[in-house]
Amino acid sequence: MFLRRAGMRWCSTSVWSKERECYLKKMEKEGKEAVVLAMNRPSRKNAFGRVMLKEFRECLDECTKDSNIRSLILLSEVGGVFSAGADLKERKEMSQNEASKFVTMLRTTFSELEDLRCPTIAVIHGVALGGGLELALACDMRVCTDSSKVGVPETGLAIIPGAGGTQRLPRVVGIPRAMEMICTADPINGKRAETIGLVNHSETHLEDALDTALAIASRIARNGPLAVQNAKRAVKDGMDLPLKEAMEVEKACYANILTTQDRVRGLTAFAKRETPVYEGN
């Protein structure tokens, strides 16, 4: 399959069988890679059960091991739904102890997604409620379609968001808007999500949303990978610290790239007015 936007061509190859509930597709352009983590459990609308969670974690492990990955795009292969969150039908069969362990593992998995070295982009089309939205919130950026339906309905079920929603949502949209979404349990559409800053971009069609995500991935791929990784670390590690301490985080991350060969390549290319080719060292 080839995906195009403004003349760009991306070649897609599957890393694992599409029969899995979660699998990776490598998107390559001129030797640079963006990886798509595809969720494919149509029978349960991509709700996380034991098998899907296990396979999702395996995909994350693969991304952690591969230093060539410049960005990760998370999307659904199931029409009309991003993820329905946790599989409540399966959870109903769990004991209280099993349910607690499962939610803990789900929370840990989303944190591991958030902590990946490379930037991550969620592409939302259709429904992303509860754990589905919490999954998207664990990504660095989000792109959706105008008709998407996103929200945290847990209080309507007499529970609360349990996979990071009460913490990540207010950090993204601010406390008042997060409180309204959480306490009313009301979903919002993609255009509203863009207006309040919950998503970076909202597009009319899924193809446009995917193209936008791939365009972002392409622009990321042309930059120094070590610089991008350290910039992400500086933002993530520093944002909740007092400014003085956060500046020390930035200082440490900046120091990490001072001795890299890519820094020399960038300065040399700039002086010669050439396009730099970064190698990640």
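## Cysteines

The count of disulfides is zero, a disulfide being a pair of cysteine sulfur atoms within 2.5 Å. The model is predicted: local features need pLDDT of at least 70, side-chain atom pairs count only at pLDDT 80 or more, and totals for chains, interfaces and linings use all residues. Residues are numbered from 1 along each chain as its sequence is written, and side-chain values use heavy atoms, with hydrogens and water left out.

For cysteine 118, the closest cysteine sulfur is that of cysteine 63, at 6.3 Å, which is too far for a bond. Cysteine 118 is buried, with 6% relative accessibility, whereas cysteine 183 is exposed, with 52%. Buried means under 20% relative accessible area, exposed over 50%, and partly exposed in between (1.4 Å probe, protein chains only).

## Cavity

One cavity of 30 Å³ or more is present. A cavity is a set of points, on a 1 Å grid over the protein atoms alone, where a 1.4 Å probe fits but cannot get out; lining residues have an atom within 4 Å of a point. The largest cavity holds about 40 Å³ of space, the volume being the space filled by probe spheres set on the points, which are joined across faces, edges and corners.

## Lining

Ile69, Arg70, Pro119, Ile220, Asn223, Gly224, Pro225, Val228 and Gln229 line the largest cavity. Five of the lining residues are nonpolar, three polar and one charged; Ile, Val and Pro are among the nonpolar types, Arg is among the charged ones, and Gly counts as polar.

Strand 5 (69–76) and helix 9 (225–238) each give at least two residues to this lining. Helix 9 has the largest share, three residues. Helices (H or I, at least four residues) and strands (E, at least two) are DSSP runs, numbered from the N terminus.

Conventions
On a 1 Å grid over the protein atoms alone, a cavity is a set of points where a 1.4 Å probe fits but cannot get out, and a pocket is an open set with protein on both sides within 12 Å along at least five of seven lines; lining residues have an atom within 4 Å of a point.
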